[in-house]
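Visitor: I am new to this structure and would like a short tour. Could you show it to me?

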Amino acid sequence: WPQHTDSRRASMALDGVRKLADAFGGKAEPLFHKVPSLFDQVNHLPVGEDRRRKEHIASSWKFNATLVVMVIANSVILGVELDHPSGTKLEERFGYFLADLFFLIVFFAEMLIRQNQQGWSYFLDNWNLFDFLIVVFNCLDIVLAVTSVESARIATTIRIIRLLRASKYIGGVRLFRGAWLVIEGLVSSLRVLAWTGLFMIVVVYSLGVALATLVGQDPIVFERWNDADQYVGSVYRSMMTVCQVWTFDHWTSSLLRPLSDLRQSSGVVILALAIVVCNFGVLNIVIALMVERLSKIKQEQDLKNGKFLKKIEEAVLQHLGDDFRRADANSDGDLDYKEFSRLIRQPHVSQKLRLLGIYGDEADSMFDILDADRSGTLTPEEFIDGLQRIRGPARSKDICALISFAQRKCNQAKQNVERTRRLIETVDSVQSRLYAAGKFPSA
């Protein structure tokens, strides 16, 4: 299976899985069965339960897309209410109260549906626990609002965090595949970002202490610079000054020029170190690490898609072998040209060949290509092996084999030409001797 699969075949294979299953009428057994781990055996679901969860309404994309729309709409209404408040009493904010009640019903129904799908394992997921707590707090807010008690509206405040949950639903949507790749790369880089943030705090603190010591302890600075107390008056303010410098926030006019006028070369050196270490160094390293992580995630996804397509190819070849045996009318184990032509013109066989990257114009000329021994018939081995070789783009080893075969034939042709030339010279020599002996009349 090539590492870089043709994009058109990959897209057709991924989109045609459901059609392929309908055409097969069943699921092919894999060639190799993976031995389950102890953890998988402990948490193993029965086949019927696993199928029920996959076919449940909570697993459908329409259900998840509706929830994403509800989460976004709830967040937008929350923002509108904060910008345009109508009061704290129920009568004053009755419209917003109805919206909160509606979203409470929606999210409560979602919780019940997912509990019906997952059972008690629903509470093993952290996001599910978070949703459960939001629904509980939202119920408390509704009860307090109805009883005319001013509620703390805790659920309304933390409900905006549900926007992060929307990123989980878009993971399987092809339209948002790029966005999901960025989110996954960011989440997987959180540990690196945490250590980088800790290192940045140490660097900023060290530079802040140096700036407060070398510049903030000089009384001439406070006499001639009116903003000295604001920028270098303490370690904390010096740290804020360092952050302002490496973010390039008006640092030349506010800091660099006053320090240069005061001939504070040590302060200028500290600011230069802040730019070099924090901006040119650490931030670029963070960007490089995130890009490297995104590339690794993309490679893992390509490898996963390649394994998935390989399973599809194995299933397609297995069912094509079954179609080959059914097309053998005289039960001799081989197919002649007429039987092969009838086979490849069947709709379900043509669909399977298209999944392998073999289209109608190529299928008509396949018989001569697959008939390696030129016997006029195809054996099952020739059929399956030939399909594995001719589907998709040519691989490097196939091209090398073809070049080697062509070179051998070229060398054989040169040897035959040389042998023919020597034979012609021998015939000419014999003919000349016969002429000299008078056996044949001269021309």
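Predicted model: local features only at pLDDT ≥ 70, side-chain atom pairs only at ≥ 80, totals over all residues.

Visitor: What share of the residues is buried?

Guide: Of the 443 residues in the chain, 31% are buried. Buried means under 20% relative accessible area, exposed over 50%, and partly exposed in between (1.4 Å probe, protein chains only).

Visitor: Which residues of the largest nonpolar core touch the most other members?

Guide: They are Trp225, Val232, Val245 and Leu255, in a core of 26 residues. A nonpolar core is a set of buried Ala, Val, Leu, Ile, Met, Phe, Trp, Tyr and Cys residues joined through side-chain atoms within 4.5 Å.

Visitor: And which elements give two or more residues to this core?

Guide: Those elements are H11 (190-214), H13 (228-232), H14 (235-246), H15 (251-261) and H16 (265-327). H16 provides the largest share, seven residues.

Visitor: What does leucine 255 touch?

Guide: Not counting residues up to four places away in sequence, leucine 255 touches Trp225, Tyr231, Thr241, Gln244, Val245 and Leu271. Contact means heavy atoms within 4.5 Å. Apart from this core lies another one of 22 residues, including Leu317, Ala327, Phe340 and Leu370.

Visitor: Changing topic, how many salt bridges does a search of the whole structure find?

Guide: The search finds eight. A salt bridge is a side-chain nitrogen of Lys or Arg within 4 Å of a carboxyl oxygen of Asp or Glu.

Visitor: Which residue forms a salt bridge with aspartate 322?

Guide: Its partner is arginine 325, and the closest N and O atoms are 2.3 Å apart. Aspartate 322 and arginine 325 are three residues apart in helix H16, so about one helical turn separates them. Aspartate 322 is partly exposed, at 23% relative accessible area, whereas arginine 325 is exposed, at 54%.

Visitor: Are lysine 352 and aspartate 323 buried or exposed?

Guide: Lysine 352 and aspartate 323 are both buried.

Visitor: Which residues are linked in a network of salt bridges?

Guide: Glu418, Arg421, Arg422 and Glu425 are linked in such a network. Within it, glutamate 418 and arginine 421 meet through their side chains at 2.3 Å, N to O. These two residues are three apart in helix H22 (residues 396-437), so they are separated by about one helical turn. Glutamate 418 is partly exposed at 31% relative accessibility, and arginine 421 is partly exposed at 38%.

Visitor: What about the surface: which residues form a nonpolar patch there?

Guide: The patch consists of Phe199, Phe248, Val269, Leu273, Val276, Val277 and Phe280, with about 620 Å² of accessible area together. Patches are made of residues with over 30% relative accessible area and no salt bridge; like charges are joined within 9 Å, and nonpolar side chains (Val, Leu, Ile, Met, Phe, Trp, Tyr) within 5 Å. Accessible areas come from the Shrake-Rupley method with a 1.4 Å probe, and for residues only the protein chains shown count as cover. H16 gives the most to this patch, with five residues.

Visitor: Where is leucine 356?

Guide: Leucine 356 is in the loop between H18 and helix H19 (360-363). Leucine 356 is buried, with a relative accessible area of 3%. Its C-alpha atom is separated by 8.2 Å from that of leucine 387, 31 residues apart along the chain.

Visitor: Lastly, how many disulfides does the count come to?

Guide: The count comes to zero disulfides, a disulfide being a pair of cysteine sulfur atoms within 2.5 Å. Cysteine 139 is partly exposed, at 29% relative accessible area, and cysteine 410 is partly exposed, at 38%.

Conventions. Residues numbered from 1 in each chain as written. Heavy atoms only, no water. Helix = DSSP H or I, 4+ residues; strand = E, 2+ residues; numbered from the N terminus.
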